[in-house]
Each structure stands twice: as structure tokens, then as C-alpha cells.
Amino acid sequence: MGKVYVFDHPLIQHKLTYIRDKNTGTKEFRELVDEVAGLMAFEITRDLPLEEVEVETPVTHAKSKVLAGKKLGLVPILRAGLGMVDGILKLIPAAKVGHVGLYRDPETLKPVEYYVKLPSDIEERELIVLDPMLATGGSASEAITSLKKRGAKNIKLMCMIAAPEGVEIVKEEHPDVDIYLAALDEKLNEKGYIVPGLGDAGDRLFGTK
């Protein structure tokens with residue numbers, strides 16, 4: 001069964017407070033999301049395998065560690081997931097980036113896929129699906145299904161804020177996927193917004209209403 005990790009690092013929690021604040025403007029909101037994504041990436045990559053190499057320091061030869069060539073891929077769910085990409089690429093510049101676009105059908109309220117563009121070797125990569133909000137869980141679950149259909153075998157989900165309802169849906173539909181969060185909030189309201197949440201992440205990132 002996939003595990004749920006909630007990061008309690010003080011820097012993440014501090015920045016998350018300002019992300020939640022309705023008075024935080026678009027520029028600052030964007031910068032904070034970028035920073036928190038980078039800090040979360042630091043935690044999510046804790047178990048990447050290492051191998052030993054030899055380097056020559058100014059003093060002598062030394063055995064030291066480098067990443068053991070594990071291929072990573074970032075897959076933001078359009079559009080809000082885009083806000084998390086750059087913060088992670090600063091730490092892992094060699095990661096490839098795919099995109100999954102979904103919209104909610106106004107009649108069925110189910111997510112509908114409208115755009116998918118992925119690295120050609122996704123079956124060999126450890127993929128991190130990115131979305132600031134895990135609310136109902138529908139979009140994240142559909143995005144993960146979309147990746148699996150195309151051969152992905154190793155997938156993690158990284159969100160800043162989640163509602164328990166969304167976590168349960170992803171766990172139920174994708175028990176092999178670990179979920180990484182900065183905060184697990186109280187609930188969804190009748191409109192499907194996370195409470196207390198941060199409003200609409202896409203609108204706040206891109207200055208739209």
C-alpha cells in the first residue's frame with residue numbers, strides 16, 4: 001500500500017503559512033510555491049541510490065559519492081502543477097519534464113484528458129506527478145492512470161496541500177503510489193475547495209480569476 005508522507009520541516013511550514021495567506025500577491029505566491037517545491041524535492045529524493053567514485057581533491061585522492069544514474073521525470077498537471085517545476089529543476093536540472101492536461105467535464109464533473117506529452121523513456125524513469133492541491137483526488141488519479149497506460153511503473157505524487165478525501169481516492173485507485181504533502185488539511189467544502197486550503201492555486205499563481 002502506498003504511504004502518505006507529510007513534511008513537517010520548519011522552513012516548509014513557515015513558507016506554507018504565507019502561501020495560504022489571502023493577502024499574498026501573485027509574485028510572492030509564485031516565489032513561495034517555487035521555494036516549497038524545492039524544499040519538498042529535497043525530502044522526496046532522500047532515498048535516491050548513490051555510487052562511489054574517486055576524485056582528486058587539491059590535497060589527495062578521495063572516494064566520494066554521486067547519484068547512481070537513476071532517471072527522474074517531473075510531470076506537472078496543467079496548469080497549477082507548472083508552478084512547482086522550476087523549484088525542483090534547480091535541485092535536479094537533469095530531470096525531464098512531461099505534461100498532463102486535464103479539465104473537469106461540467107456535466108459529469110469527471111476529469112477529461114486533453115493534452116499529454118511525455119519523455120519517450122518514461123517506463124525507465126521515476127516519475128513525480130506535481131499538483132499544488134489534492135482536493136477530490138480525481139485529477140491526480142486520472143493523471144496517474146494516464147501515465148500507467150503509457151508504460152510508467154514508478155510514480156510518486158507530490159502536492160502542497162491535500163484534503164483527506166483526495167488522499168483516500170488516490171490510495172484506493174493507485175495503492176502503489178506514495179503521496180508526499182506539505183500539509184494534510186481538514187476537509188473539502190461543498191464546492192470542492194480544500195478547507196482551510198489556499199483558494200485556487202492556478203488563479204493565484206497566474207493572476208487569473
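**Reading contacts and surfaces in a predicted model**

Analyst: Glu 168 has a relative accessible area of 45% and therefore counts as partly exposed. The classes are buried (under 20% relative accessible area), exposed (over 50%) and partly exposed (in between), with a 1.4 Å probe and protein chains only. This is a predicted model, in which local features need pLDDT of at least 70, side-chain atom pairs count only at pLDDT 80 or more, and totals for chains, interfaces and linings use all residues. Residues are numbered from 1 along each chain as its sequence is written, and side-chain values use heavy atoms, with hydrogens and water left out.

User: With which residue do the side chains of Glu 168 meet in a salt bridge?

Analyst: A salt bridge is a side-chain nitrogen of Lys or Arg within 4 Å of a carboxyl oxygen of Asp or Glu. Here the partner of Glu 168 is Lys 171, at 3.9 Å from N to O. Lys 171 is partly exposed because its relative accessibility is 22%. Both residues belong to helix α5, three residues apart, about one turn of the helix.

User: How many salt bridges does the structure hold, and which parts does the pair of Lys 156 and Glu 126 tie together?

Analyst: The structure holds 15 salt bridges. In one of them, the closest N and O atoms of Lys 156 and Glu 126 are 3.3 Å apart. Lys 156 is in strand β10 (residues 154-162) and Glu 126 in strand β8 (residues 126-130), so the bridge ties together parts 30 residues apart in sequence. Helices (H or I, at least four residues) and strands (E, at least two) are DSSP runs, numbered from the N terminus. Lys 156 and Glu 126 are both buried.

User: How far apart are the closest N and O atoms of Lys 148 and Asp 176?

Analyst: They are 2.8 Å apart, in a salt bridge. Because Lys 148 sits in helix α4 and Asp 176 in the loop between α5 (164-173) and β11, this pair ties together parts 28 residues apart in sequence. Lys 148 is partly exposed at a relative accessible area of 28%, and Asp 176 is likewise partly exposed, at 48% relative accessibility.

User: Is the pair of Tyr 103 and Tyr 114 stacked or tilted?

Analyst: That pair is tilted, at 6.2 Å centre to centre and 40° between the planes. It joins strand β6 (residues 99-104), which holds Tyr 103, to strand β7 (residues 111-117), which holds Tyr 114; the two residues are 11 apart. Tyr 103 is partly exposed at 41% relative accessibility, and Tyr 114 is partly exposed at 47%. Ring pairs also link Tyr 5, Phe 7 and Tyr 180 into a cluster.

User: Which residues form a nonpolar patch on the surface?

Analyst: Patches are made of residues with over 30% relative accessible area and no salt bridge; like charges are joined within 9 Å, and nonpolar side chains (Val, Leu, Ile, Met, Phe, Trp, Tyr) within 5 Å. Accessible areas come from the Shrake-Rupley method with a 1.4 Å probe, and for residues only the protein chains shown count as cover. Here Val 4, Val 6 and Leu 184 form such a patch, with about 210 Å² of accessible area together. Leu 184 is part of strand β11 (residues 178-184) and is partly exposed at 41% relative accessibility.

User: Which residues does UniProt list for "binding site"?

Analyst: UniProt positions are given in the numbering used here, feature names are shortened, and annotations may be inferred rather than shown by experiment. The unreviewed UniProt entry lists, among others, Arg 79, Arg 104, Thr 136 and Asp 200. The lining of the largest pocket takes in these residues, including Thr 136. Thr 136 lies in the loop between β9 (133-134) and α4 (138-149), and is partly exposed at a relative accessible area of 31%.

Conventions. Rings of Phe, Tyr and Trp (its six-membered ring) pair if their centres lie within 6.5 Å; planes under 30 degrees apart count as stacked, over 60 as edge-to-face and the rest as tilted. On a 1 Å grid over the protein atoms alone, a cavity is a set of points where a 1.4 Å probe fits but cannot get out, and a pocket is an open set with protein on both sides within 12 Å along at least five of seven lines; lining residues have an atom within 4 Å of a point.
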